[in-house]
Amino acid sequence: MDKHAGERNSYWIETAPPGNLHPPLAATLTVDVAVVGAGIAGLSTAWELVRGGRSVAVLEADRIATGVTGHTTAKLSALHTLIYERLRRTRGTEAAKLYGRSQTEAIRHAAAIADELGVDCDWEETEAFTYAQDPGRIGELMAEADAAREAGLSAEYVTETGLPFPVAGAVRVTEQAQFHPRKYLLALADDLLRRGARIYEHTRVVGLREGEPCRLTTGAGATVTATDVVVATHYPVFDRALLFTRLSPRRELVLTAPVEAGLAPSGMFITPEQGTRSLRTAPYEDGKRLLIVTGEHFTPGTSDVEERFGRLAGWAGEHFGELTVTHRWATQDNDSTDSVPLVGPLHAGSRHTYVATGFGGWGLSGGIMAGRLLSDLITGQKPPWSELYDPRRVRTAVREAPAFLKHQAQVARHFVGDRLSASTGGSVDDIAPGDGAVVRVGGHRCAVYRDEDGEVHAVSARCTHLGCLVAFNRAERAWECPCHGSRFDPDGKIVQGPATRPLEQRHPAGQARTR
């Protein structure tokens, strides 16, 4: 299989309708609730609030449902690899039950919404499996099956999965789902407009003043006054509770390839082995199914991404035979230090600002859950799992300590170590066409990219979020911050936050350019 084949674009974005074009915000606006971010968490929150009678504005820096949600593998499952035994051990049986109930209810809620709105989003009910090929992990899987069943899931330990290769064991959970996420969210957005909500695209929010009311400012100078504000930007663009100390960004690769329907495994599958391997199928043309394979966790800014695509393609070919790749892309997730999302008040003093983040790769069920939870909190209700997800939770601080310290050590290593390595790097002349590197130019650390025509593009190497040095991802042609996950195109334009300002332009000779 040619790992280089296929469109470098998300299948979900390419195969969904283009959707309505929403204008950027260009004036002053006053609403009950402003939602920053139009992925599944933001749009779900907005939809719940509008149904509850609130006036809502959704502010999206790019196009709706084209960020992390548009690059997902689109599994809607409450079986989140190996979460339930850990929750039962660290936070108790009741916490595991609340987690399972909240995630399961999110799946059922999404099914009800799709039915109510008549959404053609390739909805399929199916089973979910967490499997292992290493016999040494059988005990771990059996414990997870027991904990998941105790948490309320229809879980059992099995040794047969329907995969075309043997496994040592697996956890199976029934009544899960998979769908086309962008089709679903475009229908949600259309319904939002019908109900009177406002959606603004290409509207990057850069300032938040908390108070009664709150006030948001955009990069273009527009302002939004709102009683309540929800920050649903995947990684929070405003972080007054130092949530960045509890979030670790990671990227993951995705490949798709058609297979004969009779050869397609039935279900959604994931293993923590081999840097994670995850797979599902989706409806495809000519009676075939589209195999969607995910894996190869890595930190943003890693240089060997092309080789990782090769490993993932090799694994898929080994297990499913000769394949023709149609699409390839990467997605980004944030892991919280205690493996539970952070959904609720933005910080200890918050009265009218809320956040949803840290979904750890399970943002579809998590985002729908967050929409319901945040809507309830804003309208004066308190779901039974609100404390489980509360970002202000402190009782898990001691248990989080090892993961917290490990994350901080990694950030420190990049913040200090990358500066040392950059100071002794090569020169602009060493950079080949199509490649980039951080080098010293005129005494400044510059992120320099040479395009295929040989032209040099230079920007500051300091991420505008908190100052870590970016690194070049050759496969995706992007500058990436390994500390907190901000991403920029070769000319420094923001691709993904939490950064809200582009990288500063520089001349190849080292001077800052005048904008």
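Visitor: Does T81 count as buried or exposed?

Guide: The model is a predicted one, in which local features need pLDDT of at least 70, side-chain atom pairs count only at pLDDT 80 or more, and totals for chains, interfaces and linings use all residues. Residues are numbered from 1 along each chain as its sequence is written, and side-chain values use heavy atoms, with hydrogens and water left out. Burial is read from relative accessible area: buried means under 20%, exposed over 50%, and partly exposed in between (1.4 Å probe, protein chains only). T81 has 16% relative accessibility and therefore counts as buried.

Visitor: Where does T81 lie, and with which residues is T81 in contact?

Guide: T81 is placed in the loop between β3 (75–76) and α3 (84–90). Such names come from DSSP runs, numbered from the N terminus: helices are H or I runs of at least four residues, and strands are E runs of at least two. Contact means heavy atoms within 4.5 Å. With neighbours within four places in sequence left aside, T81 is in contact with T130, E144, I270, P272 and W362.

Visitor: How many salt bridges does the structure hold?

Guide: Side chains of opposite charge can pair when their charged atoms come close. The criterion is a side-chain nitrogen of Lys or Arg within 4 Å of a carboxyl oxygen of Asp or Glu. The structure holds 37 salt bridges. One of them joins R194 to D191, with the closest N and O atoms 3.2 Å apart.

Visitor: Why are R194 and D191 separated by about one helical turn?

Guide: They are three residues apart in helix α6 (residues 181–194), which means a separation of about one helical turn. As for accessibility, R194 is exposed at 59%, whereas D191 is buried at 6%.

Visitor: Which salt bridge links distant parts of the chain?

Guide: D435 and R474 meet through their side chains in a salt bridge of 2.7 Å, N to O. This pair connects distant parts of the chain, 39 residues apart: D435 belongs to strand β18 (residues 435–441), and R474 to the loop between β21 (471–473) and β22 (478–480). D435 is buried, with 17% relative accessibility, and R474 is partly exposed, with 35%.

Visitor: What is the distance between the closest N and O atoms of R506 and E504?

Guide: In that salt bridge these atoms are 3.7 Å apart. R506 is buried at 10% relative accessibility, while E504 is partly exposed at 36%. Elsewhere, salt bridges with shared partners join R51, E116, D191, R194 and R195 into one network.

Visitor: How do the axes of α2 and α6 cross?

Guide: Two packed helices are described by the angle between their axes and the distance between the axes. Axes are lines fitted to C-alpha atoms, for helices over the stretch in contact, and angles run from 0 to 180 degrees between N-to-C directions. The axes of helix α2 (residues 40–51) and α6 come within 10 Å, crossing at roughly 35°. On the α2 side, I40, L43, S44, A46, W47 and V50 meet L185, L188, D191 and L192 of α6.

Visitor: How is strand β14 paired, and is it mostly covered or exposed?

Guide: Two strands pair if DSSP finds at least two bridges between them. Strand β14 (residues 288–298) is mostly covered, with nine of its eleven residues buried. Nine bridges pair β14 with strand β11 (residues 247–260) in the antiparallel sense; within this part of the model, R251 has F298 in β14 as its bridge partner. Seven bridges also join β14 to strand β13 (residues 277–283), again running antiparallel, and P283 has R289 in β14 as its bridge partner. β13 and β14 form a hairpin with four residues between them, and D286 in the turn has a positive phi of about 55°.

Visitor: In what order do the strands of the four-stranded open sheet lie?

Guide: The order is β21-β22-β23-β24, with antiparallel pairing. β21 and β24 (494–496) are the edge strands, each pairing on one side only. Two bridges join β22 to strand β23 (residues 487–488), and W479 stands opposite F488 in β23.

Visitor: What separates the C-alpha atoms of E307 and A475?

Guide: They are 9.1 Å apart, although the residues lie 168 residues apart along the chain. E307 is placed in helix α7 (residues 305–320) and is partly exposed, with 46% relative accessibility.
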